[in-house]
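This report covers selected local features of one structure. It begins with a helix and then turns to a sheet and to ring contacts.

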Amino acid sequence: MRAAALSGDPAPVAPRPVIDASWQRMLRIGVDPDRSTSSDLLPAGELEHRRRSTALGEVLPSLSQGLVAVVQASQQMMVVTDDEGRVLWRDGDRAVMRKAGSICLEEGAAWSEDTTGTNAIGTALEVRRPVRVHSAEHFVRTLHNWTCAAAPVHDPRDGRLLGVIDVSGVDSTFHPATLALVDSVAKLAEAELRRRHLATVEQLRSVAAPVLCRVGGRALVVDSHGWLAAVTGMPPVGRLPLPKSFRAGRRWLPSLGMCAVEPLPGGWLVRVEERGSEAGAASRVVLDLSNRSRSSVTVSGAGGAAGPWTHELSPRHAELLYLLSVHREGRSAAQLASDLFGDPTRTVTVRAEMSRLRRHLAEVLAHRPYRFVDEVEVEVIRPAHPAYLLPHSTAPAITRARRSGDAGPG
């Protein structure tokens, strides 16, 4: 099966779709199946910095409690990576960990697909869902004696991919239920992060109440991720989209207009100015698809009066904006449903997603048909290789673009 894929011949037994898609990515970017899996390890200082910078460190005790005893008993090892596939921590059976040194599965090593081929860590990062890679399903032959299962962990505060939890071992010791176990532990980690976040919002709420009592007009208090703690003079929102470079001062926000922003312990006081005080319409949109782990859109206005501001995109919203950037003339709900699902009848899902997207981008997105408004310039920052265009996506239109080598307008 694998030999047929490498030679381009029809396989006697088709590989699983997730494995076949990964193998095709490896062939397109030219990964050598006979290469070593060794990589340059992160320097000790950089490794420690990444450990301290990730929210995964906050829940590492929970991860260890849920997995280490199991993997030790089953002669396997647990690995935790960041969103680039760099190994931050590992633990488990000592004999297996020593053996893992021969394939460079150690702290500081790189396990993304483009460095190590098809493997559970790298492939889970690409497709953003739990993945098991067994024996010869690995693209690089060095890994054929290993089986691994990995699940991504997302930050519940903003949906950002934090990294991957993986269990690896020699293929003879692997249990079919391991993938379900790893996925459950990843969900527990996300639940613990969510609980911690709610506690911090509650603390901010106690600070916000007396502040808003002294503020006239429309105002909100939000945490550093935009989650609402308190509001006055306007309907409550679940979350206020904040630019990446958000700071104190007079700031333009797409959902509110011009605002006066002041820092608070653990968050921000956002006071909405009266309508008519903002100047300058949005004139440029940059859709950044170059990072395989996350996508973003940046909007700027004439003379900088309406920005720039940047919004991180969900996988679905990244797909929609990419399609609209290709079809500047616009797409109907049925056309987008066909692009995304291969089914033009799934218009309800498309309309719901476009409604959510237009809450953030109302100035630059029109409807009937859905499109970027004519007045804005749209630029797409493409990935280094067409194979990595929205790699998580299974949408027919995105798949066709990868195969044709077209990553969108530049």
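Helix α7 (residues 120–127) is largely enclosed by the rest of the structure, because eight of its eight residues are buried. Buried means under 20% relative accessible area, with exposed over 50% and partly exposed in between, for a 1.4 Å probe and protein chains only. Helices (H or I, at least four residues) and strands (E, at least two) are DSSP runs, numbered from the N terminus. The buried residues are Ala120, Ile121, Gly122, Thr123, Ala124, Leu125, Glu126 and Val127. They pack against helices α2 (17–29) and α6 (113–116) and against strands β1 (77–82), β3 (131–134), β4 (146–154) and β5 (161–170), where contact means heavy atoms within 4.5 Å.

Just after the helix, Arg128 has a positive phi of about 60°.

## Basis of the model

This is a predicted model, in which local features need pLDDT of at least 70 and side-chain atom pairs count only at pLDDT 80 or more, while totals for chains, interfaces and linings use all residues. Residues are numbered from 1 along each chain as its sequence is written, and side-chain values use heavy atoms, with hydrogens and water left out.

## The five-stranded sheet

Five strands make up an open antiparallel sheet in the order β7-β6-β10-β9-β8. Two strands pair if DSSP finds at least two bridges between them. Strands β7 and β8 are the edges, each pairing on one side only. Neighbouring strands are turned by 25° against each other on average, direction ignored.

Strand β6 (residues 219–223) pairs with β7 over four bridges in the antiparallel sense, and Ala219 has Thr232 in β7 as its bridge partner. Helix α8 (residues 178–213) lies across β6, β7, β9 (257–264) and β10, running at about 25° to β7. Axes are lines fitted to C-alpha atoms, for helices over the stretch in contact, and angles run from 0 to 180 degrees between N-to-C directions.

## Aromatic rings

A search of the whole structure gives one aromatic pair. Phe246 and Trp268 form this edge-to-face pair, at 5.2 Å centre to centre with 80° between the planes. Rings of Phe, Tyr and Trp (its six-membered ring) pair if their centres lie within 6.5 Å; planes under 30 degrees apart count as stacked, over 60 as edge-to-face and the rest as tilted. Phe246 lies in the loop between β7 (228–232) and β8 (249–253) and Trp268 in strand β10 (residues 267–272), so the pair ties together parts that are 22 residues apart in sequence. Both residues, Phe246 and Trp268, are buried.
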